[in-house]
Amino acid sequence: MNSVFFLLLRRMRLPLILVILSHAIAVLGLTLIPGADVNGNPTPPLGFFHAFYFITYTATTIGYTEPVGGFSDAQRLWVTACIYLLVISWSFVIVTLLSCFQDKGLLKALVTNRFLRGLRRINEPFYLVCGYGETGRRVCRALDHLNQRFVVLEIDEARVQELDMEDYRTSPLALHADAGEPRRLLQAGLQHRRCRGVLALTDDESTNLVVAMATRLLSPGIPILARARSATTVANMISCGTHHVINPFQRFASYLSQAIVAPERSRLTELLTALPGTPLPDPHHPPRGHWIVCGYGLFGQAVVRKLEAVGITVTIVDPQADPVPDRRVIRGLGTDAATLEAAGIREAQGIVAGSDNDVANLALAVMAREINSGLFIVTRQNQAANNPLFEAFDSDACMVPSHIVAQECLSILTTPMLAHLVHLLHQCDEAWCARLVATMQKISPDRVPELWRSCLNAQDAAAVHRELMQGRSIRLGDLLRDNRNRDDTLPVVPLLLERDGKPLLLPAEDELLIAGDRLLFAAPEGTRRDVELTLQNGNAMEYVLSGRESGGWLWQWATGARLPRAP
């Protein structure tokens with residue numbers, strides 16, 4: 001508030017001086033000019049208090065009347081002149097004050113101070129999201145859906161104003177500032193005691209690198225997730241200690257190559273990392289054979305490397321591509337039939353429209369489908385505004401960088417064990433992955449199931465931890481019983497159990513649990529509450545273990561639990 005007060009006082013200095021001087025002159029005149037009574041006889045001038053009182057209610061336009069004794073003509077003439085003087089001085093004050101509230105510097109200071117007051121009042125964990133572009137918007141919406149608090153730092157004022165208009169469950173805090181300035185990061189809550197993590201998601205790689213370095217130096221204990229596209233930036237981020245660097249081009253290229261050689265594993269990975277509650281993603285089965293990659297930028301290069309690594313032959317189409325050793329390169333845009341024919345479109349099995357121009361990508365995809373209707377077409381969508389066009393075309397697969405980055409950020413933030421699980425999937429064969437996909441689709445046929453981690457400690461699972469510490473045997477299947485009717489089993493799939501750093505995929509229901517175990521569950525939305533009630537509540541825990549009700553009628557009514565059946 002000091003800066004706001006200083007700016008306001010500096011702009012109001014001259015008007016306030018003019019008001020003070022005009023009042024002083026008006027009061028001084030009334031204390032010097034003689035008055036007159038009702039009979040016209042001279043009287044002494046007004047005293048200072050009475051003169052100040054009269055000028056005060058005159059200047060504020062309350063407008064009583066003359067004193068009981070009346071005024072002399074000289075006093076009336078002086079008051080008339082003072083009225084014009086006071087009106088002018090106060091008008092100057094009002095006009096200057098209105099212009100102050102249109103001053104961008106003062107308005108920014110007011111907004112910043114309001115942001116800082118809101119930040120000081122946060123008493124729950126939050127994430128600092130740097131950049132509110134397409135990726136940042138997706139991440140914020142998903143965090144809000146998961147009831148996670150977030151704070152936004154964005155350089156574009158229009159985007160900050162858009163954020164205020166969004167229908168978030170909580171009122172998000174946003175600061176209009178450059179995330180590339182470390183002092184702005186501190187101002188946005190980098191060292192706040194409730195800051196849980198930092199997400200560098202701006203459209204500028206150098207800014208993301210600065211955010212990663214500043215976080216590493218100023219708050220070493222806070223996890224950092226950063227977005228990058230070039231190999232140099234990725235290497236620099238890793239060298240400065242960034243916990244997770246997400247390259248959307250490399251990620252999609254890996255997904256595409258994996259879908260070719262291991263479609264079931266790819267399907268399972270996509271199902272595990274999708275946003276909970278969204279419709280199940282369509283399965284992709286890209287074919288083997290010859291592929292054409294149009295656009296040999298960073299994305300095209302990543303796709304070519306990954307495809308060639310799994311034995312796919314590739315023809316590159318690019319208007320500025322230089323000859324590449326051991327690769328067939330065709331110069332051209334690919335939007336015309338001649339270029340595609342030269343690239344072998346009729347014999348190809350798949351094509352990637354991967355330039356940084358959405359219109360060119362769609363034109364290329366349309367032309368390719370007209371020539372070869374059986375082609376597997378992958379499109380790259382750069383702008384969210386063009387989503388209706390890409391949906392209307394309906395390609396076999398669409399690469400949206402913002403969607404890939406947001407999805408991976410959320411998987412890392414919400415379920416830290418998921419990254420370990422996805423890594424372990426590379427050791428599993430296709431049949432195993434297919435069975436797990438079928439199991440997950442059985443418990444949640446239409447929507448992506450929710451994934452969460454539970455640690456069997458005093459904080460996350462108080463009831464289970466207490467029973468285990470007392471020596472009671474608890475099996476994994478006991479936690480999956482319905483706490484309303486223990487004869488029923490909840491639609492929950494235990495995906496992973498970690499004990500002493502050792503993972504166990506798909507643990508069996510008869511697995512004995514010990515204190516400190518970490519479990520990764522998958523279940524339809526809403527089922528998590530039932531599992532967490534069993535883990536935390538002693539009454540629910542006792543019921544699923546033994547069938548005995550240890551709570552009263554109020555507990556039974558609140559949970560809908562049934563009384564034990566008679567033998």
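Biologist: Where is L506 found?

Modeller: In this predicted model, L506 sits in the loop between β17 and β18.

Biologist: Why does L506 count as partly exposed?

Modeller: Its relative accessibility is 31%. Buried means under 20% and exposed means over 50%. L506 falls in between, so it counts as partly exposed.

Biologist: What phi does L506 have?

Modeller: A positive one, about 45°, although L506 is not a glycine. Most residues other than glycine have a negative phi.

Biologist: What is the phi of D500?

Modeller: D500 is not a glycine either, and its phi is positive at about 55°. It lies in the loop between β16 (493-499) and β17 (502-505).

Biologist: Why is D500 called exposed?

Modeller: Its relative accessible area is 74%. The cut-off for exposed is over 50%, so D500 is exposed.

Biologist: Why does N361 count as buried?

Modeller: N361 has 2% relative accessibility. Buried needs under 20%, so N361 counts as buried. It belongs to helix α15 (residues 358-371). Leaving aside neighbours within four places in sequence, N361 contacts A353, G354, S355, R380 and N382.

Biologist: Why do you say that the buried residues of α22 line one face of the helix?

Modeller: Those residues are T527, D530, V531, T534 and L535. Viewed down the axis of α22, they fall within an arc of 135°, so they line one face.

Biologist: What do the buried residues of α22 pack against?

Modeller: They pack against β15 (450-455), α20 (462-469), α21 (476-479), β18 (518-523) and α23 (538-546).

Biologist: Why are α11 and α17 described as roughly perpendicular?

Modeller: The axes of α11 (residues 248-261) and α17 (residues 401-414) cross at roughly 90°. Angles of 65 to 115 degrees count as roughly perpendicular, so the two helices qualify. Their axes come within 9 Å. From α11, P248, F249, R251, F252 and Y255 make the contact; from α17, P401, I404, V405 and E408 do.

Biologist: How do you know that β9 and β12 pair?

Modeller: Pairing takes at least two bridges. Four bridges join β9 (residues 290-294) to β12 (residues 350-353), and the strands run parallel. V293 has V352 of β12 as its bridge partner.

Biologist: What is the strand order of the open sheet?

Modeller: The order is β11-β10-β9-β12-β13-β14, six strands with parallel pairing.

Biologist: What makes β11 and β14 the edge strands?

Modeller: β11 (328-330) and β14 (397-399) each pair on one side only. Neighbouring strands of the sheet are turned by 20° against each other on average, direction ignored.

Biologist: Which helix lies across β9, β10, β12, β13 and β14?

Modeller: Helix α13 (residues 298-309) lies across them, running at about 165° to β9.

Biologist: Which residues have the most contacts inside the largest nonpolar core?

Modeller: L128, C130, V151, L153, L185 and V198, in a core of 27 residues. Elements that each supply at least two of its residues include α5 (104-120), β3 (126-130) and β4 (149-154). Among the residues that L128 touches are V151, L153, L185 and V198. A second, separate core has 25 residues, including L271, M440, L495 and L520.

How values were computed:
Residues are numbered from 1 along each chain as its sequence is written. This is a predicted model: local features need pLDDT of at least 70, side-chain atom pairs count only at pLDDT 80 or more; totals for chains, interfaces and linings use all residues. Side-chain values use heavy atoms; hydrogens and water are left out. Axes are lines fitted to C-alpha atoms, for helices over the stretch in contact, and angles run from 0 to 180 degrees between N-to-C directions. Contact means heavy atoms within 4.5 Å. A nonpolar core is a set of buried Ala, Val, Leu, Ile, Met, Phe, Trp, Tyr and Cys residues joined through side-chain atoms within 4.5 Å. Buried means under 20% relative accessible area, exposed over 50%, partly exposed in between (1.4 Å probe, protein chains only). The arc is that of the directions from the helix axis to the C-beta atoms. Angles under 35 degrees count as roughly parallel, over 145 as roughly antiparallel, 65 to 115 as roughly perpendicular and the rest as oblique.
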